[in-house]
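Here is a short briefing to read with the model open beside you.

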Protein chains: 2
Amino acid sequence: MNTAIILAGGVGSRMGLDCPKQFLMVQDKPIISYCFDIFQQHAEIDKLVVVVSDQWKEFVEEQAAKNGISKICGYAPAGETRQHSIYNGLKCIAANCPDTDIVIVHDAARPLVSDKIISDCIRGATEFDGAMPVISVKDTVYQSKDGKTIDKLLTRSELFAGQAPESFKYKRYFEIHNEVTDEEIGATAGSSEIAYRHGMEIRMVQGSERNLKITTIEDLETFESILKGVN
Amino acid sequence: MNTAIILAGGVGSRMGLDCPKQFLMVQDKPIISYCFDIFQQHAEIDKLVVVVSDQWKEFVEEQAAKNGISKICGYAPAGETRQHSIYNGLKCIAANCPDTDIVIVHDAARPLVSDKIISDCIRGATEFDGAMPVISVKDTVYQSKDGKTIDKLLTRSELFAGQAPESFKYKRYFEIHNEVTDEEIGATAGSSEIAYRHGMEIRMVQGSERNLKITTIEDLETFESILKGVN
């Protein structure tokens, strides 16, 4: 069984708006609903767990009901960091759909993920221990400990930017979270990072520029123009 | 004396347009002219050298004349790679303004660079051997030699994306280009990279998200909306 965790706990402070970005209305629908639609209609996704802060839970339940999202099997509270939220989602799976083989972790603020990326991630986590979509890094990237002097040059062709969804063999991924310290969970920058660090073999699959995470007003405008082009 | 090299040799193939991106008209002015204006009015910039392919040279000369750009002291032909173009610009400085102390290398397709970034770069190259504006990397970046399996995790807080303009002590930077092989010049991903590799001390200064390089249609739309907001 494949269960997706939809992360909707963010507060959207980067955009300076009162409303978290994943709940902004775009063409009469909040961004999270575009995400729900994709996972609801995807044949390989069995269940959904939604991570959301208490004050937005009712709103999300209403939207899910309105749009016929029937796969949701549980809600988990938002954590202090993204990885804490994922851990809460993993616990919710243990309680509500413990037969889960593969967990797929997605951001509610990435409403343009393709069916193919989701399928590729599930296949990667089946054949290996996990998978994540990546895109090449366009910038020249320099490494610096103090942010003033260059410590190291990095080879651009060897650098990949991680996107979501990331997918993992559920049992092992959950175990890692139960074994490590709270500090380690808090210091995790990407959800594949903690898996890789603890010996899981993570396969990279082809992501897409289009699968953007909405974090700025410009991203929101891009999403709106893509929707207009599609409809 | 501080001389800026304006790189306008690109062919814009990434946007799939006939016209190279730096020559696209935005509000009745090609993008390169926005760049020219900034460097023309900047008190610390003495001379400009423009790197441009033969077929666009006349167009650039006309635009410069029309907009009163009086600091241009020479034109250099576009090279096979960005770094080859820079080398052509450095040779043009040797021929036309050999008293140059600091060279500032900028992309014609970055029309939103601020006066402050230019000044900070000049100060960095004066106090150290060179300077470049950087911004933090927002993505989680993974290192992989084959693009399939992760070889290494990188600490996001230690990663910086290089922007332009990059500035250098002219004499030493030019010498390096005369000393190295053509292959090394061709394999250079960022203009600070070759300087750093040959022992120049490059200081990072604060860049800006706004100082974007126009490479996609979305970037062009962003530039247009920023202009509309400003005017």
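In this predicted model, the side chain of H84(B) makes a polar contact with the side chain of T81(B) at 2.7 Å. A polar contact here is a pair of N or O atoms within 3.5 Å; within protein, one must be able to donate a hydrogen and the other to accept it, and residues adjacent in sequence count only if both atoms are side-chain atoms.

Residues are numbered from 1 along each chain as its sequence is written, while chains are lettered from A and ligands numbered from 1 in the order in which they are written. Local features need pLDDT of at least 70, side-chain atom pairs count only at pLDDT 80 or more, totals for chains, interfaces and linings use all residues, and side-chain values use heavy atoms, with hydrogens and water left out.

**Around H84(B)**
- H84(B) sits in helix α3 of chain B, residues 82-96; helices are DSSP runs of H or I with at least four residues, strands are runs of E with at least two, and both are numbered from the N terminus.
- H84(B) counts as buried because its relative accessibility is 11%, the cut-off being under 20% (1.4 Å probe, protein chains only).
- Not counting residues up to four places away in sequence, H84(B) touches G79(B), D182(B), I185(B) and G186(B), where contact means heavy atoms within 4.5 Å.
- The C-alpha atoms of H84(B) and A187(B) are separated by 9.9 Å, although the two are 103 residues apart along the chain.

**Around H177(A)**
- H177(A) belongs to helix α5 of chain A, residues 170-179.
- H177(A) also counts as buried, because its relative accessibility is 1%.
- Leaving aside neighbours within four places in sequence, its contacts are Q83(A), Y87(A), L90(A), I185(A) and I194(A).

**Where chain A meets chain B**
- Contacts link 39 residues of chain A with 39 residues of chain B.
- The two chains bury about 3500 Å² between them, 57% of it on carbon and sulfur atoms; this is the accessible area (1.4 Å probe) lost on being put together, summed over both.
- In chain A, Y142(A), E158(A) and Y196(A) lose the most area to chain B, together 18% of what that side buries.
- There are two salt bridges between the chains, each a side-chain nitrogen of Lys or Arg within 4 Å of a carboxyl oxygen of Asp or Glu.
- K145(B) and E158(A) meet in a salt bridge through their side chains (3.4 Å, N to O).

Terms used:
Buried means under 20% relative accessible area, exposed over 50%, partly exposed in between (1.4 Å probe, protein chains only).
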